[in-house]
Every structure is written in structure tokens, then in C-alpha cells.
Amino acid sequence: MRHKPVKVGRFAIIFPIQLTLLLAILMLCPLPQAQAETKTSGDPRTMRFAPIDFQPPKAERLALSNGMILYFLEDHELPIITLQAMIRTGDIYEPANKIGLAGITGSVMRTGGTRTHRGDEIDERLDRIAAHVSIGIDNTSGGASLDILKKDFDAGLALLADMLMHPTFEEEKLTIAKNSALEHIRRRNDRPSSIATREFWKQLYGPENPYAREPTEKTIASIGRVDLAAFHDKYFAPNNMIIGITGDFQTQEMIAKLEKAFAGWPKKKVVFPKVAPVLERNKGAIYKVIKPIPQTQVRMGHLGIKQSNPDFFALSIMNDILGSGGLSNRLFQDVRTRQGLAYSVGSVFQPGKLERGFFLAYGATRTDATFQAISTMIKHIEGIREGLVTDEELRTAKEAFLNSFIFSFSSPSQIVGRQMALEYFDLPTDYLDQYRDNVAKVTKEEILRVAKKYLHPDRLIIVAVGDEARFDQPLSVLGKVEALAITP
Amino acid sequence: MKKWILAVALLAWIPLPVSAQTLADRVVSHTLSNGLRVLMVERHQVPTISFRIIYKVGAANEVNGMTGVAHLYEHMAFKGTQTIGTKDYPAEKKLIEQIEQTYTALRAEEGKGIMADSKALARLATQFEALQKEAQNYVIPNELSEIYDRNGASGFNASTGNDVTTYMVSFPANRLPLWIAIEADRMAKPVLREFYKERDVVLEERRRSVETNPGGKLYEDFLFTAFAAHPYGFPILGWPSDVGSLSATETESFFKTYYGPSNTIIALVGDFKADKVIPLLEASFGKIPTTPPPPPVVTVEPPQRGERRVEVEDEANPQVLIGFHKANLHHPDDPVFDVIDALLSMGRTSRLYKKLVVELKIAVSVSTAGGSPGARFDNLFTLSATPRAPHTTKELEDALYAELERLKTEAPSQAELDKVITNIDASLVRSLRSNSGMAGQLAYFEAVAGDWRYVLRNRDAIAKVTGADVMRVAKKTFIKKNRTVATLSPVENGMGQMEDER
């Protein structure tokens, strides 16, 4: 749930998972070439193309007797096999006095050896066969993966299964993981963008909320091997895991291999701790972090919706028009292209899976244009609630979404990963189809309705990190400002 | 269940030398009549195509006073053409010319410094703003990108490096004619509209990635220290004063010099028929007039006369970057550096990770790179590391130098060398999995090495590297006199940060 701007070449983009996470349908068969247009000299503005006719393959699903869910999709192009696993867990479940435990557990499962192999020995074996293995735990899920040449698959699978079932958390590898976590804490104020994002989450969800809280030196120091073992023991079980496999294999053989690799791993009842729900703040607030830097980092937003909310489809198109689709969205057009105030500017409307998601508008601008940029951003958040979007905006947003839909299915591991995520988060198996069909139906009126209902410019939480004395106008013009003290 | 692959002959880039032939067989290369190189691989599993256009130009082609121009042009390439992005090009063109005249006069007056006529300055500045506002009336902002978006473009972006500038996008396969029409148009007749606003955007990009980013500052200072003469010392984003003084006319002239057909590589990977595509490319891109070959980069970095060190003070935690000068990618020893790179930092069993992170516990991360900041010209082998408090960059340096000494005195085992080639083969296969990855690899090596097959030849050369080669190259390269060291030192409360007064 913590999304940070990612720089990709020319554009700074925040990837909202759902938008890249699409859906699809399309009909089978290897694509007839463009029929509508074959001339390349015409006016690109008026070229029209037939819809793409493509039915992506679906992965096969199977439940083993130990409760493990499997997805398979064969792909014989390259002699590689990729396995990805999702485990029902997350750092939202770690105890409040051990923040950081989930992440460290995942990391040391990977590095800290098993009952039969030392960690160093596993690393050596994997590197020798150029196998990539990772294990990690984030907010709301655990993940593991194996990417390996076909000829070495059996050896790789045996090691991964061993790490998942019988990790021993060698003391030295725990020390290294804790060292790394502590150094990360020391360094987390080195970049203004990280400060702005983190402080925004803390104000949005509350500093103690599992979706925003951060480890401290104290919580990391308190983590010991017994904690890792207990966390692992609580959540890692075959019936709490989904595995997806793509690549160069035969499904029947693969089922047998997986049954063997995880043989004897008992089912177990997993009880998830209750996570306190987030509380909505009923008014906005402005926060500043003062740093003598030449560019101000701005975040503003408020709580959003859950993925299951049927208004999500209209909201995703609304947000594309406001601040996310391509270069023609309103924030980009005005703040960047027209006024030249920012390289990175945009908005995200991210639905939550288990907890409510958020609306976020972000930007970074030169110090003496800070107020101008912030007020322009607010103006557009207000503006999209005040009048219908244009036909042109709606058409561009919908066509962009529908025509790029196919890229959600451009690789087998993408297809399988998506099916796994739907099952993991209890979304309908045809959710992606619904997504596409619903987006196609979105109207201007619908966008206005959801913008009014779910955007709250009067309740924005605004965080600005910068050199306030040199701003074009003080933030206090917008309301009462609270200074945040930053501690490592 | 349906099989992902239907007919398609096995691509099988099996990590064995034979695979080279398999890949070579599938790449169709063609040179258009004006010298533009095209590389194509058909892949019919999904009805999409990934496109790359690489121009053999980057920050290494810049000169003092105009640093950042390659990157600024890359931004301008998204502004449209004489038909896209405008409501009335002839009228707009007149205004753009007036803007340029005014800017030239304004810059000349500003250049007089304290002798400048303040009234003339104010008048020119007002006129400059007014003309830009007027020109804006003719602009359809971001129209090019909007057309691409509506047609389902994915990964539409560009990047500027020291060696090359890359434009990338993927489309549903039936949009091939659209891509050709737009790209041939912007290669032939781009219009640098909204130039001075985009220049401001680039300065924001610089503030974001350098001036408020400790790692960005360190890398910038590292490069200009290591390269006192060669343009590899220029920041890709340019010096702020240079970027802030560039005119649209100068930027367009840079385009005309370096974006000619013979300086360009196009790669297409995906669902199309190569024999059908070639005539379409010939009829569009092929009609762009040839231009004279761009001027060569003549500057050669003189050998260092002693170790060079630079310190960056910032309100941030320490880091260290170390570079040793080495030859470009055509040198026969280049594959030896690939092996050294892998021995030192590839994976958890690499020498530096095991020594600095696991055994000594003085670092939280360490990495190396075999060709910074580029490959076309003589470059650097670099090592970078992040210390774990309270350990210092000095301790990291000592530990890193000890490992480099070990390379000189002790040949790596055959097992270590085998591990290197196995991993390099696997990463080659992985890099070719996606259409865009494959298009990127083909176009990049064609551009920097003159032939995409370099990637296969280099793989074979790596396989032949011996322990004695490693020792010989290490002895020659990793010496104090040949090294540049940059350290990031913490200061309290930003006393080191008084910059960006533009």
C-alpha cells in the first residue's frame, strides 16, 4: 500500500497496481494483422483500427489435498520455469513492539538456512545454477519466487520448498538482516521525497496504524530468532499458500513434483490477529517539514475506498483524467506542460484490498513556486467535482484503458500472477472482465457523481517538505500549519 | 488447456554457444536506402509489437556551454510536428521565430552582467513572455502522446544516456501504421514548441534527481572528477546554467546534426511479418534525407597523474564511489572486466558481498559495474558501497582495495569462472523474455557496438577468459594512480547545500 514515485526515463510515474492490473478478455487466435489501416502516410489523428481479437490463455487451477492451491500455465518458448507463491500473511499482523518482524522473517527465510542445508550452502548451490530465489513479506502478503533454467528445476524446487517449510534462521543471517534494517532507519531521511511520502502515510492512516507505522531502532533490536520462528510457524502452511507456475514443463509431471516437494507438510489452522480499522479524519490538515532544499516535495490526499466498491471503475477513469493517464491528464497538462512547475506531478486513486485505500496527489516544484503548484493542484481536485469532464477527455481515458488492455496479458507469468492475486484477495474470478466491461460503460455524469462523493478537497491532508522561508506564499494562507519534527 | 505457444519454431536461446545461431537466424536486419538500420524479430504469441528507436547520440556528444542539450531535445521530441500538436502551423511558426529573436536579444543583454540595460531587459522579458503566451494559442498540448494513449500505447517513454538516446513504446499489433506515420514524422519534422516551459521542467527534473538527492550529487561529482577532459564528465541533465541558457534554435541544430537516418537504429519485436514491414518502412523512414555523418568525439581523457578524490557534503549518510579508468567495449580486455564484475558483485556468493556485508559487516550493500557511465568511449570500472554505521567510507575503501589486490595475486578458481558464465548465459536468456527487452538489447548493441551480434560474441569471449587474464588486467587497472574516489560526508542541517540560485 505504500506507493512511491518511480522514475522511468522521462516520466515520473506512480504505478497504481489496479491500473496496470487489468483484465481482459479478447478472443483467441493469433491475430489477424491490421485490416482497417495499412497506409502509413495518412493523418494519425484520424486513423481507426479494428479492436484486437485475442483470447489470452487461462491458467489451470488445482487444489492439493493439503490445501495448497496451484495454478499452471505452460509456455514452451524458452527453457525456463518460473514459480511464484503467495502466502497469506503481512506486516499488518506483526506485534506493535516488533515492527519490522515480518520483513526480516521473509528475508532470513531466504538467507538463514534450513534443517538440512546451511544458508551459505544454499546460496552457493543457487548461484552455481543461476537460479533466482526470493522470499519477502510486505503489508498484506508474503511472496516467494523461483526463476530457473528448466534443467535445474528439480534442485531449485527442493531448496525453495525446504526454505518455506523448514527454515532455521541462522543467527548470523539474522544479524545481517537487522543491520540492514537499522541502517535503513538511519538513512530514511536522506531524501526529501521519502520524508514526504512517509509523513503523508503517517498522517493519513495514523502513526500507529499497521499500514503506516515504521520500525524503530528499538523494535528492530527486540527481534530475535524465536520471534522469526514463531511468525513463520503461524503463517506458513500449505493451506495458506497459492503457487503459480509458468514455463517449459508438462502440467501432470509438475503436479507430481510439487506434491513430492511439499510432502508431509501438515495443514494448520491459521488465525489472523485483528487489525484495528483506520479512522477517517473529519477535517483537513497541513503539515510542513523544513529543510533547506531547492525543491519542495508535496503530497496531498485522503482516505479512499476498498476494491470491492462498485464505484471503483468510474473512479479509476476519473483519476486518469485528473492526474494519471498518459501526459494528457489535467495535472500534467497544467502544472508541468503549461506552467513548467514540475517534472513529477500526478494523482493516484488506489483502492485498498483489506483496508481502505487512498487518494493522493503528488508533485515536486522549485521552492519559490511551491504555493503556486499546491494551489493549482487543489484547484484541479476541486474542478473535477464541479463540472462534467469533456467528451474528449472521457474518450481518451476510456480508449487508452481499453486499447492497452492486452498488455495485461503479455506474458504467462503476468496472467498467472493476476489469477493468483484475485483469489488471494477474494475478488471474483471474472473481476478483470467486469473491470473492462464497467469501464466501457462509464459516463461523464457517473464521473462527476463519484468525484463529488469520493474526492474531498476540504479534507485534504497536505504535507510539504521544503525551505518554507523561501516559498512564494506561506502555507498558512491555506490554513493552520503544523511543523513536523523528523527523527530517524 | 490451451498451450501458450502454438506453432512457432522453438526460439530456444538455450544457454549454450549453439543458441547464438538460433537467435542470429531469427533476427532480420535491413538497411533502408538512406542508411537507417532496422532489426526485426517476429514473435506471434501475442498480437502486440514493441518498438525501439535508438539514436547514437547522448551527453557524450555535448560541448561545454551546451551541456544537457541531448536530454532537453529528448523532451522536445514529445512536443509534436508540423501537423501534430498545432492548430495552425504557419502562424505558429512565425511566432516561434519571433520568440527566438527575442530570446537571443534577451540573452545577449543578460550576458552583459552589471553593464546590462535594465530597461531593455525588462522590455525584452515582457515581450518574451507575451510572445510565448500568444504562441500557446496555436498549441494542442501533448497531442502526440494523446494519440498514442488512445491507441493503447504501453511503456511510452524515452531516455537519454551518455552514449545513446532511446525512444520506446509498445502497441497492439494493428497500430503498426500509426506508429510508422508518427515516428517518421517526428524524425523528419519535429517542432520545438513550448520550449522554454519544457526547459523549466528539465530544471525541476535536475532538482529532483540531483540537487535534492545525495546519491545523485555524489555521482555527478564523481564523474566530473574522473573525466576532466572527456564529455563523460558532463551530467546528462546538464549544468543548470547551461540548460537555463539553451535556445530552441541551438537545440534544433543539435537535432539536425545527430538525428540523421544513418545515426539511427530501429528495432521491432512482435507480431508482424518482416517482409511486409520493410516496404512500409522504406516508404516512410526511408524517405528522410540523409545527413552528413555527425562530428566524432575527439577528446580522449589524459591518463591520471595521481589519485583523484572528491568529497560531497550533504545532510545524509555516507556512501563511497570508486572508479578506475579502462578502455571502451571494443578492447579485447572488455570481457575480462565482465568477469571481474561478476566475481566481485554478482549475487550473495560474490566476493565483495561475502567479505564486506557478511564477514566484516562494515557495509549494507556493495556493487560494481563494468562500464560507467557508458561503453562507446573509454570508461570506468566502478565500485560503490554503503557503510553500516559506525563504520566509515575509509574502512570500506580499505576492504575494497584488499579484494582488488587479491584479484592480482590469486587466480579465480575454475568453479568461480564457471559460475560466472552460467549466470551470464541465464541473464541473457532472461533479458530476451519480453518483446521490449529483446528490442532494447538488439538496438542498444547495434548502436554502441555497431552490430547487435556483439552480445553473442562477447558471451563467447567471456567464456574464454582465464584466471591469468583476470590477474593481468587487475594488475594493469587497479592501481592508485588510475583511480578516482568520491565520498559523501554527512553535515548537520544542510550547510553544504546552498545551491540552486539561478
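1. Two residues count as in contact here if their C-beta atoms, placed from the backbone, lie within 7 Å. With that in hand, welcome to this predicted model. Take the contacts in chain A between residues at least 6 apart in sequence: 81% of them join residues at least 24 apart.

2. Next, the overall build of chain A. This chain has 16 helices and 14 strands. Its radius of gyration is 24 Å, close to the 23 Å that the globule rule gives for 488 residues, so chain A is as compact as a globular protein of that length. Along the principal axes, the C-alpha atoms of chain A fill a box of roughly 65 × 65 × 35 Å. Of the 488 residues in chain A, 50% are buried.

3. Where they meet, 22 residues of domain 1 are in contact with 26 residues of domain 2.

4. Which element gives the most to the side of domain 1 of chain A that touches domain 2? That is α6(A), with nine residues. The elements giving two or more residues to this side are β4 (69-74), β5 (80-87), α6 (192-205) and β8 (241-247) of chain A. By class, the side holds 11 nonpolar, nine polar and two charged residues.

5. Chain A also meets chain B, in a contact that takes 78 residues from chain A and 82 residues from chain B. On the chain A side, elements giving two or more residues include β4 and α3 (119-128), as well as β11 (342-350) and β12 (358-366). The most comes from α5(A), with six residues. Sorted by class, the side of chain A that touches chain B has 33 nonpolar, 23 polar and 22 charged residues.

6. Finally, α13 (391-403) of chain A deserves a visit, being another of the elements that give two or more residues to the side touching chain B. The buried residues of α13(A) include Leu394(A), Ala397(A) and Phe401(A), along with Glu393(A). What do the buried residues of α13(A) pack against? Within chain A, they pack against α10 (312-324), α15 (431-441) and α16 (444-454); from chain B come α5 (143-150) and β5 (165-172).

Conventions
Residues are numbered from 1 along each chain as its sequence is written. Chains are lettered from A and ligands numbered from 1 in the order in which they are written. This is a predicted model: local features need pLDDT of at least 70, side-chain atom pairs count only at pLDDT 80 or more; totals for chains, interfaces and linings use all residues. Helices (H or I, at least four residues) and strands (E, at least two) are DSSP runs, numbered from the N terminus. Ala, Val, Leu, Ile, Met, Phe, Trp, Tyr, Cys and Pro count as nonpolar, Asp, Glu, Lys and Arg as charged, and the others, Gly among them, as polar. A residue is buried if 20 or more other C-beta atoms lie within 10 Å of its own, exposed if 12 or fewer, and partly exposed in between; C-beta atoms are placed from the backbone. The radius of gyration is taken over C-alpha atoms; the globule rule is 2.2 Å times the number of residues to the power 0.38.
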